[in-house]
Structures are given as structure tokens and as C-alpha cells.
Amino acid sequence: MQNSAINVERTYTMNKNLIVIVGPTAIGKTSLSIQLAQHFKCEIISADSRQFYKEMQIGTAVPSEKELSEVKHHCIQHKSIAETYSVGDFEKEAIARLDRLFATHNYAILIGGSGLYIDAVTKGLDLFPEVAINIREKIRQAYTTDGIEYLQKQLRELDPVYFQKVDIQNPHRMMRALEVSMSSGLPYSSFITDTKKKRSFTSTIIGIMADREVIYDRINKRVDIMMEQGLVDEVTTLLPYKKMNALNTVGYKELFKYLENEIDLDTAIAEIKKNTRRFAKRQLTWFQKNDNIQWFDYKEDVSKIIPYIKKGQDF
């Protein structure tokens with residue numbers, strides 16, 4: 001089977017270094033990435049799957065205009081919520097951009113809290129069969145009608161192995177697994193090989209960490225800032241499109257309920273904070289399984305991180 005995402009012959013010189021910055025939401029990844037990009041004179045690719053969409057700015061904590069002007073960024077607000085954009089599409093685009101960046105730079109930076117998207121670039125994705133459009137539409141319609149319980153029930157029946165591994169509160173992951181399972185007649189887990197692809201660069205992965213209380217406090221404060229910046233107004237403009245997959249995410253789905261008078265504003269804000277904290281916990285669970293990540297405290301000075309990167313570890 002041909003890899004539809006990447007099938008390009010390259011010369012593997014391994015003299016190019018991708019600096020990967022990961023960690024939970026609100027931990028300070030953006031600030032660190034800019035400092036490192038300025039030091040290594042390189043550009044940044046975002047692997048934050050929520051920041052791809054141009055209609056979503058406040059609720060996804062897109063870097064400020066000042067931050068974006070300090071260093072060239074890629075894959076930020078370059079898609080519309082009306083477009084279909086998968087992790088496979090991102091893998092293909094990110095690798096193509098890295099090929100261009102490494103033609104003139106020795107370093108590039110990949111930053112994000114979306115573990116699957118980070119892995120797509122550093123390790124590559126497994127090969128999956130094509131999904132039938134009618135099956136995809138059927139699953140999405142059933143989810144709209146019957147909710148996340150439908151996805152959980154179907155996945156438990158069709159692929160109990162993957163059901164035990166996946167975040168069953170993440171509808172996107174479960175829908176993807178069901179699409180593949182129903183289209184192929186085989187469990188989604190049967191296509192997962194965990195085989196790492198060769199890349200034409202070395203990945204040095206930096207993780208930013210803090211005590212749980214600090215992370216939760218930073219999340220709560222970020223949500224308060226988002227509200228002050230006008231998150232309710234942003235979500236109001238998107239209310240007609242609330243059923244689009246990109247908008248089924250923390251910060252938006254809670255305020256949709258508020259705008260439709262299902263809950264009051266204080267409850268919506270409390271739910272955003274709670275669900276964001278849960279999201280951060282899932283992020284940490286994902287990243288802590290990766291032994292190649294070198295963790296630093298969120299207060300660590302960048303001058304202490306730079307020497308580690310310059311060692312050029314080859315994972």
C-alpha cells in the first residue's frame with residue numbers, strides 16, 4: 001500500500017535539527033519557542049490543531065500580533081473551519097515546509113500541545129485505508145443525533161482493543177477509528193504498527209512542566225483573560241456553524257450552551273476551566289509516555305535549555 005501522506009525519496013544527512021516544544025496548555029510554550037527561534041535564527045511551525053483555523057483566535061490562544069511579528073510562523077490560522085483538514089494532511093504539509101526551511105536553515109521549531117500532530121511529524125503516521133464518504137457522513141450524523149455515547153458504544157463493539165486506549169471523551173478520535181473500522185471491516189487497531197519512519201532531520205524534544213496546581217492556576221487565569229478579550233463575541237459569530245467538527249472543542253462548546261440558554265455564563269466559564277484542566281491532564285498523559293522528551297521547569301531560563309539543544313541528540 002502506498003503512503004498517501006508522504007512517499008518522497010530524500011538524502012538523510014541528519015545534520016538538520018527540529019526543536020520540538022511540548023507541554024500542557026497555558027504552560028508558556030509560545031514564549032519559549034520565540035526565544036529559541038530568535039537564538040537559532042529559525043522559523044516556527046505550529047502543531048496546535050486548534051490554532052489551524054482562522055475563525056478561532058481568542059479561544060485557541062493564538063499568538064499575539066506582536067509575537068507573530070517577532071518570528072515567522074507557519075500553520076497558524078491558515079485553514080477555515082469549513083475545510084476538511086486531517087492529521088495526515090498536516091503531516092504532509094509540515095514535512096514539505098520543513099524540507100523548504102532546512103534548505104536554508106539548520107534548525108526549525110515545532111510547537112504544540114497536540115500529541116498526535118507532534119508524533120505525525122517526528123515519527124510519521126501509520127497507513128490506513130481510504131474511508132467511504134457515505135460512512136463518514138453516517139457516523140457524523142449519528143454523533144449529532146445520539147451524542148458521544150453512540151461513538152463509545154460502537155467503538156467498544158467494533159474495536160475493544162482501541163477502545164481501551166483511546167480518550168473516550170474525544171469524539172474526533174473515536175469517529176476516525178469508526179470510519180476506518182466500518183470502511184475496511186477490520187478493527188482500527190489492526191492498522192496501528194507504531195513503526196517509526198525515517199526523517200531527514202534529528203528531533204530534539206523539549207517538554208515544559210510545572211506542578212499541577214501551577215498548571216491549573218495558569219489555565220484559570222488564561223480563561224479569565226480570554227473572556228476579557230471577547231471570547232463570548234467570537235463564539236457568538238460562530239454559533240451558526242456550531243456543528244462543524246473544528247468547533248466541538250473546549251471554550252466553544254460550553255459557550256454555545258450559554259448562548260442557547262442551556263446554562264448561565266458563570267457556569268459556562270466554570271465548565272471551560274474544568275474541561276481545559278482535564279485537557280491538560282490528557283496532554284501530560286500522552287507526553288509522559290515518550291521517553292525522548294527532556295523536561296524543564298516552566299521557569300527555567302532559556303540559557304539553560306540552549307546547551308541541551310546544541311548537543312544535537314539523535315532520537
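The questions and answers below go through these topics in turn.

Modeller: A caution before you ask: this is a predicted model, with local features needing pLDDT of at least 70, side-chain atom pairs counting only at pLDDT 80 or more, and totals for chains, interfaces and linings using all residues. Residues are numbered from 1 along each chain as its sequence is written, and side-chain values use heavy atoms, with hydrogens and water left out.

Colleague: What percentage of the residues in the chain is buried?

Modeller: Buried means under 20% relative accessible area, exposed over 50%, and partly exposed in between (1.4 Å probe, protein chains only). Of the 315 residues, the buried ones make up 49%.

Colleague: Which helix supplies the largest share of the lining of the largest cavity?

Modeller: A cavity is a set of points on a 1 Å grid over the protein atoms alone where a 1.4 Å probe fits but cannot get out; lining residues have an atom within 4 Å of a point. The search finds 1 cavity of 30 Å³ or more, and the volume of the largest is about 40 Å³, counted as the space filled by probe spheres set on points joined across faces, edges and corners. Helices here are DSSP runs (H or I, at least four residues), as are strands (E, at least two), numbered from the N terminus. Both α4 (115-122) and α12 (265-287) give at least two lining residues, but the largest share, 3 residues, comes from α4.

Colleague: How many of its lining residues are charged?

Modeller: The lining includes V22, D119, W286 and N290. Ala, Val, Leu, Ile, Met, Phe, Trp, Tyr, Cys and Pro count as nonpolar, Asp, Glu, Lys and Arg as charged, and the others, Gly among them, as polar. The lining has 6 nonpolar and 2 polar residues, and the charged count is 1.

Colleague: Is A26 buried or exposed?

Modeller: A26 sits in the loop between β1 (17-22) and α1 (29-40). Its phi is positive, about 70°, although A26 is not a glycine. Most residues other than glycine have a negative phi. With a relative accessible area of 8%, A26 is buried.

Colleague: Where is Q77?

Modeller: Q77 also has a positive phi, about 50°, without being a glycine. At 21% relative accessibility, Q77 is partly exposed. Its place is the loop between β3 (73-74) and α3 (87-102).

Definitions and conventions:
On a 1 Å grid over the protein atoms alone, a cavity is a set of points where a 1.4 Å probe fits but cannot get out, and a pocket is an open set with protein on both sides within 12 Å along at least five of seven lines; lining residues have an atom within 4 Å of a point.
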